[in-house]
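Please look over this protein chain with its sequence and model side by side. A short report follows the display.

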Amino acid sequence: ASAVAEVEGIKPLVNTLNAQRDGAIANAATVLTNLAVQEPFRISIQSRGVMTALVEPLRSTNSQVQSKAALAVAAFGCDADARTELRNADGLGPLTELLHSKNEEVRRNACWALMVCASDELTTAELCRLGALDILQEINLSTRRKNNFSEAALEKLLDNNLSQKYSQMGYLSSNNIITDGFYDCGQIKRGVKFLSLEELSMQELTDRRAIIFINAKPQKDSSFPSIPLLFHCCFQYKLHSIDIYIQIYKIEMYIVFYVRKGKGKKEEEKSKEVTQITSKVQDEINPEKSHWLPPPDFILLDYINDASKTILPLITTREQVVALARFVADKMGGPIERDKLRDFSWELHISEIEFELKCNVVPVGKVKKGTFCHRALLFKVIADRVGIGCSLVRGEYNRAWNEVKLVDDSPQGIAGLLLPPQEYIVDLMFEPGFLIKQGSAEADQY
């Protein structure tokens with residue numbers, strides 16, 4: 001490898017990727033892949049636009065060229081700049097198409113390349129848009145076509161789409177941080193299309209399981225518009241609902257923009273601008289034309305702020321976990337006696353919220369009587385915000401729980417002994433804050 005670099009062989013190798021002979025292209029891709037093992041050579045190759053040069057080989061009809069090109073993408077895709085170059089060169093499309101290949105080696109190397117490339121949000125989003133997620137799911141359903149890389153690639157893509165990951169796999173690790181926009185729509189069957197939160201919110205109210213979503217984005221600072229302006233907007237646009245409050249800020253900004261821009265202009269010019277601005281404002285107000293956003297959950301935001309103030313000052317992780325468990329249970333209806341669990345009418349409570357909102361999508365902050373799945377979700381959300389590592393596991397019959405890793409105290413008489421961390425299930429229902437050691441009889445009953 002050093003000898004090739006010393007005689008400046010990298011540039012002609014990259015140029016050979018555009019050759020007319022399939023054998024030359026495949027061999028050049030193989031040599032470049034081998035050179036990429038050493039970082040200085042990999043950086044030098046990337047600087048010569050290797051990702052752009054690999055796009056055409058990915059489109060080849062020769063399976064050997066496809067396989068070696070995909071392998072080369074996997075070798076260079078570990079670098080963020082290389083992924084950006086491949087994305088800008090429209091190389092993700094032909095790479096995704098290789099997943100359909102009937103050649104096992106091509107399919108395996110394409111999965112490997114996708115797994116490497118799915119390391120940033122932009123590339124992952126583009127791969128999902130191109131259908132990589134659906135294709136990988138289809139591959140993994142086949143015992144003949146799936147492979148270790150196809151399963152790893154699917155999990156890597158799902159790590160950037162936690163709502164779908166939790167719905168399909170029923171598990172989020174401590175490294176899967178729940179952010180605003182996450183939603184729990186329950187477990188869906190293989191092959192069933194996973195709907196977006198917007199699509200779910202547009203569905204008619206049903207008696208199915210409520211979709212619980214997370215959106216604790218703080219409210220933007222904006223002063224309430226003046227009473228004359230509010231009256232003018234209501235009269236001008238014939239809006240009589242209190243829902244117009246969320247549109248007032250946009251209207252006010254347009255009017256302020258008009259006033260500033262219109263100074264010194266003739267009345268005719270101002271009149272034209274008023275017409276244009278009015279049309280634009282009406283388009284903004286029209287729900288069919290406006291971009292849908294999930295409503296903010298200010299109750300959840302208060303929960304996070306309150307929990308941060310009380311939990312972060314605690315010294316040990318164990319104390320923080322116990323305090324957070326009690327906090328969550330208190331917000332979700334308090335502790336429930338085991339023999340009275342059937343009398344805890346959380347289903348009716350959730351149905352009332354859905355009826356109130358006229359929607360199947362419910363913000364977690366609205367839930368005041370929550371069962372296992374609601375409490376475990378809220379615990380995970382707040383834990384992620386305050387820095388407590390925990391997983392979220394889905395069980396059957398609306399069961400869900402959180403697992404945390406804690407280090408036990410050293411046995412008496414053995415000072416300074418460092419014990420490995422133990423996994424505990426956090427009780428959020430019966431004795432909030434009680435930690436159940438994983439693998440124990442109590443854990444099986446929970």
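The report below goes from the whole chain to single helices, the sheet and the salt bridges.

## Basis of the model

This is a predicted model, in which local features need pLDDT of at least 70, side-chain atom pairs count only at pLDDT 80 or more, and totals for chains, interfaces and linings use all residues. Residues are numbered from 1 along each chain as its sequence is written, and side-chain values use heavy atoms, with hydrogens and water left out.

## Overall make-up

The protein chain holds 22 helices and eight strands. These elements are DSSP runs, numbered from the N terminus: helices are H or I with at least four residues, strands are E with at least two.

Of the 446 residues, 46% are buried. Buried means under 20% relative accessible area, exposed means over 50%, and partly exposed lies in between (1.4 Å probe, protein chains only).

## Helix 4: one buried side

Which residues of helix 4 are buried? In this helix (residues 39–46) they are Phe41, Arg42, Ile45 and Gln46. They span an arc of only 135° around the axis, so they sit on the same side of helix 4. The arc is taken from the directions that run from the helix axis to the C-beta atoms.

The buried residues of helix 4 pack against several helices. Their partners are helix 1 (2–6), helix 2 (10–16), helix 3 (22–35), helix 5 (50–58), helix 6 (63–76) and helix 7 (80–88).

Ala113 belongs to helix 9. Its relative accessible area is 0%, so Ala113 is buried. Beyond neighbours within four places in sequence, Ala113 touches Ala70, Val73, Ala74 and Leu95. Its C-alpha atom lies 9.1 Å from that of Phe76, a residue 37 places away along the chain.

Asn109 is also in helix 9. Asn109 counts as buried because its relative accessibility is 4%. The side chains of Asn109 and Ser67 make a polar contact of 2.7 Å. A polar contact is a pair of N or O atoms within 3.5 Å; within protein, one must be able to donate a hydrogen and the other to accept it, and residues adjacent in sequence count only if both atoms are side-chain atoms.

## Helix 11: mostly covered

Helix 11 (residues 132–140) has seven of its nine residues buried. They are Ala132, Leu133, Ile135, Leu136, Gln137, Ile139 and Asn140. These buried residues pack against helix 8 (92–97), helix 9 (104–117), helix 10 (121–129), helix 12 (148–158) and helix 13 (162–169).

Five strands form an open sheet in the order 1-5-6-7-8, with antiparallel pairing. Strand 1 (171–172) and strand 8 (435–437) are the edges, each pairing on one side only. Two strands pair if DSSP finds at least two bridges between them. Strand 1 and strand 5 (residues 391–394) have two bridges, in the antiparallel sense. Tyr171 faces Val393 of strand 5.

Helix 21 (residues 372–386) lies across strand 1, strand 5, strand 6 (400–406) and strand 7 (422–426). Helix 21 runs at about 40° to strand 6. Axes are lines fitted to C-alpha atoms, for helices over the stretch in contact, and angles run from 0 to 180 degrees between N-to-C directions.

## Salt bridges

The whole structure contains 12 salt bridges. Each is a side-chain nitrogen of Lys or Arg within 4 Å of a carboxyl oxygen of Asp or Glu. Arg83, Arg87 and Asp120 are linked in a network of them.

Glu151 and Lys146 meet at 3.6 Å, N to O. Glu151 is partly exposed at 36% relative accessibility, and Lys146 is partly exposed at 35%. Lys165 and Asp159 meet at 2.5 Å, N to O. Here Lys165 is buried at 3%, while Asp159 is partly exposed at 31%.

Arg209 bridges to Asp184, with the closest N and O atoms 3.1 Å apart. This pair links distant parts of the chain, 25 residues apart. Arg209 is in the loop between helix 14 (197–201) and strand 3 (211–213), and Asp184 is in strand 2 (residues 183–184). Arg209 is partly exposed at 31%, whereas Asp184 is buried at 2%.

Terms used:
Contact means heavy atoms within 4.5 Å.
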